[in-house]
Amino acid sequence: MRFKVGDKVVYPSQGVSVVEEISKEVLAGTEMKCYHLRLVGSDSKVMVPVDNSERVGLRPLSEKKQVKKVMRRLKAAEGENAEDWKDRYRANLERIKTGDLDEIVDVLLCLAEVAGRKTLSFRERKMYDHARQLLVHEVAEVDSRDVVKVEQQGEDALGHVVKQDDDE
């Protein structure tokens, strides 16, 4: 898949990015065509060789239909959890690395459910915040909505997960 300047793309585990430039660069003594990306969430810059873009999982933004589906899932609180935190952390890390919105929602639901039972560890809280930001930024871009409003919608949905667990 080839992108052009101005395209918004998703760099797995980093989030929504904008292709700011495509140029030839010399890397390790070899001239390569590279995408110059700006990560929307942090304004950081990343360079990805065009030939490696598929291997690293660079992809276009999700379709609106996919965004609606994952947001419905988030509200419906479908998640499955590993009981051992190390297994859960490893599984969630692998999910985030895919960059797939469904996988990111699985991470959020898993960690929200755990947070409903006990306090998340520092690492899991950091993972939860990272996954939430990945989801929020992509949904906001796809739906052309304010990040703060999307963030609130996500928190309301995830708060529902925690409250539901507290009631049981």
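**Reading contacts and cores in a predicted model**

Modeller: Let's start with a ring: the charged end of Arg123 sits over the ring of Tyr89, 4.4 Å from its centre. That label needs NZ of Lys or CZ of Arg within 6 Å of the ring centre and within 35 degrees of the ring normal. Keep in mind that this is a predicted model, where local features need pLDDT of at least 70, side-chain atom pairs count only at pLDDT 80 or more, and totals for chains, interfaces and linings use all residues. Residues are numbered from 1 along each chain as its sequence is written, and side-chain values use heavy atoms, with hydrogens and water left out.

Biologist: Is Val67 buried or exposed, and why?

Modeller: Buried means under 20% relative accessible area, exposed over 50%, partly exposed in between (1.4 Å probe, protein chains only). Val67 counts as buried because its relative accessibility is 1%.

Biologist: Which residues is Val67 in contact with, leaving aside its neighbours within four places in sequence?

Modeller: Contact means heavy atoms within 4.5 Å. For Val67, the partners are Ser62, Leu101, Val139, Val142 and Asp143.

Biologist: Which residues touch the most other members of the largest nonpolar core?

Modeller: In soluble globular proteins, nonpolar side chains tend to be buried together. A nonpolar core is a set of buried Ala, Val, Leu, Ile, Met, Phe, Trp, Tyr and Cys residues joined through side-chain atoms within 4.5 Å. Here the largest has 31 residues, and Leu74, Leu108, Leu135 and Leu158 touch the most other members. Another core, of nine residues, lies apart from it and includes Phe3 and Tyr11.
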